[in-house]
Amino acid sequence: MRHPTLLPGRRALLAVAVLAAATAVGAPAHAAAPTVDRQQRYAAAAAEYGVPTDVLLGVSYLESRWDSNAGTPSTSGGYGPMHLTDARHVTALPVRGHHDTGTEDPRGDDSRTTLAPVPRTAQDPAPPAAASQTVDAAAALTGATPDALRTDADVNIRGGAALLASYQRELGAPVGAGTDPATWYGAVARYTGADSADAAAAFADEVFTTIGAGASRVTDDGQRITLPARAIRPQRSWLDRLGLRRLDRPDGLECPRTISCEWIPAPYAAFGDGDYGNHDLSDRPARQKIEYIVIHDTEGSWATTLRLVQDPTYVSWHYTLRSVDGHVAQHVRTKDVAWHAGNWYVNAKAVGLEHEGYAAQGTWYTEAMYRTSAKLVRHLALRLGVPLDRQHIIGHDNVPGTVAANVRGMHWDTGPYWDWTHYFELLHAPRLDTGTPSTGLVRIDPDFATNQPAFVGCVTVGVPCAPRGSSAVVLRSAPAADAPLVNDIALRPDGTPNTMEVSDHGARASAGQTYALAGRQGDWTAIWYLGQRAWFHNPASRPTASWTVGVVATPKPGRATIPVYGRAYPEQAAYPAGVPYQTISPLQYTLAAGQRYAVGAVLPGEYYRASTVDGSSPGDWTVIRGKNRYAQIQFGHRIMYVDLADVLLLPSPVGAPR
């Protein structure tokens, strides 16, 4: 059934008439009229510039999911529902990145010299202007000011419609609201400013797939938008008129065919004094099972990120994803070990994806990048046997420090503004929702758009961030809104409460993470978190969590406390002669009797030895395994490990604490 505001002709003309009436009494053409909702604004803009309404809605959905994001920029400098880019404006804004507060060694291997890469934000040049300044073209076409195009959603929609129509005319294709949407494929492909035919086509294909499937949602500013499903066979031949380069897809490129992907290799090279970079060779998963896919953001532009990953003296990751269109570059084979997560145990068992963006800025990620990332991660997870859950698909901010001294310096991207719930929907991840409060496990599950914690410091330390949907719930020391936040003793050794600083994740749980229930009181739910009860607001009328089932770890009888580890290494006896023992060193946390923590996996104690460019050192390019086994637990915001010999593994308890 077609939504009434999307019917061609009379409805669109009515919306135009309302806008004309507003103009006639002295209001600007883009002024919001109370009788015209956002759906009608799309219809009016489509009619005004001769763009099929479903094409305009489809492009906007792929850019922003129709959200206005309070007039703040995306990670690639785009504004509003139509993602009009204004790099000149964005690059003049102050930038805070996770490197401002993190000091981690991305390799995270104590047996080698510490790496201390130069912060990427200090090297970031201004993005190129060509695809990063569409707001200027939209201003010229509409007569609106750049400021209005950035901050007013309705003006932004008109600007996007005007751009699409101008691209269609430049291609020599028909323009008009009644034109066949199939003929708009070339204009849609051009919209992101992609520099290759592959990236432009991947975006356009996803737009027409969205039109075919339809969509309906309430935007972040409360507007119900509907795109009725309509089967369209796009005329892809229009793409040829853009004259874009075609990418090579060499054998061995590890991307699904449905995404735009190229091979930009990270160098593996010696550069003197026995040093080399910027990753290690291996033969995974034959040599060692891959357990994790780690989601990062780049803290720099696409151009800077590509330059850095091609530096043999820098560090590495397996893939980079571009914000504006979701295009992917692969740098390291998944069989090899990249240096990205700050924990050698995790690096040796992980694939790392960097997404163009900034964790601290309160910026937003495009739907195009979310969708491409989800397609890539699902492809990798199915091929490598990585479960599609939050115990194995983790953020860099969920990776533990290796030893106590390193915990405080660990990076915290992707931060609280990555939409984990939507991401897992795109992954088509299985979800177990058969639990009740009595089954004793809690899955963090806030509504992203309306969950807006009052973080500070996105741009300036201590200054409130712009209101923004978030995956994070805030954890307090008692069931009250004015209770202090809980303490993370590694981040605040003096025992004082953690803070609402956007970089301070010590009193925060994130969507999809599973914790053991520690109590309930009124609208508040407690979980076991870093050795203490942590409370979050979870009213039945507006829940921020759901109930599930699983396995928990608790200390064996007679143990008052047990140690917690940041890596799951084998015992000393497992190391062959010539290979230095990697100390099994506990973190500053302990797990006390009576506490329970959700178990994500049971893992062998392993250490991948790699220390020379040619594998010539004793034990190099081998996995050292011992008798130790570990349980991976959700201990705080980060995953951690406990020795299996110290704990009982039990079904999540019936009759959980209340």
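Which residue is the bridge partner of Y319 in β11? In this predicted model, whose residues are numbered from 1 along each chain as its sequence is written, local features need pLDDT of at least 70, side-chain atom pairs count only at pLDDT 80 or more, and totals for chains, interfaces and linings use all residues. Side-chain values use heavy atoms, with hydrogens and water left out.

The bridge partner of Y319 is Q330. Strand β10 (residues 319-321) and strand β11 (residues 328-330) are paired in the antiparallel sense over 3 bridges. Strands (E, at least two residues) and helices (H or I, at least four residues) are DSSP runs, numbered from the N terminus, and two strands pair if DSSP finds at least two bridges between them. Strands of a sheet pair through backbone hydrogen bonds, either parallel or antiparallel.

β10 and β11 belong to an open sheet of 6 strands with mixed pairing, in the order β5-β11-β10-β13-β9-β14. At the edges stand β5 (261-263) and β14 (393-395), each with a single partner strand, so one side of each is left without a neighbour in the sheet. On average, neighbouring strands of this sheet are turned by 25° against each other, direction ignored.

Two helices were examined against this sheet. Helix α10 (residues 302-309) lies across β10 and β11 and runs at about 170° to β10. Helix α12 (residues 367-384) packs on the sheet and touches β9 (292-297), β10, β11, β13 (350-355) and β14, its direction making about 175° with that of β13. Contact means heavy atoms within 4.5 Å; axes are lines fitted to C-alpha atoms, for helices over the stretch in contact, and angles run from 0 to 180 degrees between N-to-C directions.

Helix packing was considered next. The axes of helix α3 (residues 53-64) and α12 come within 4 Å and cross at roughly 70°, which means that α3 is roughly perpendicular to α12. Angles of 65 to 115 degrees count as roughly perpendicular, those under 35 as roughly parallel, those over 145 as roughly antiparallel, and the rest as oblique. In this contact, Y61, L62 and E63 of α3 meet E367, A368 and R371 of α12.

For helix α2 (residues 38-49) and helix α7 (residues 153-170), the axes come within 9 Å and cross at roughly 30°, so α2 is roughly parallel to α7. Residues in this contact include R38 and Y42 of α2, and I157 and R169 of α7.
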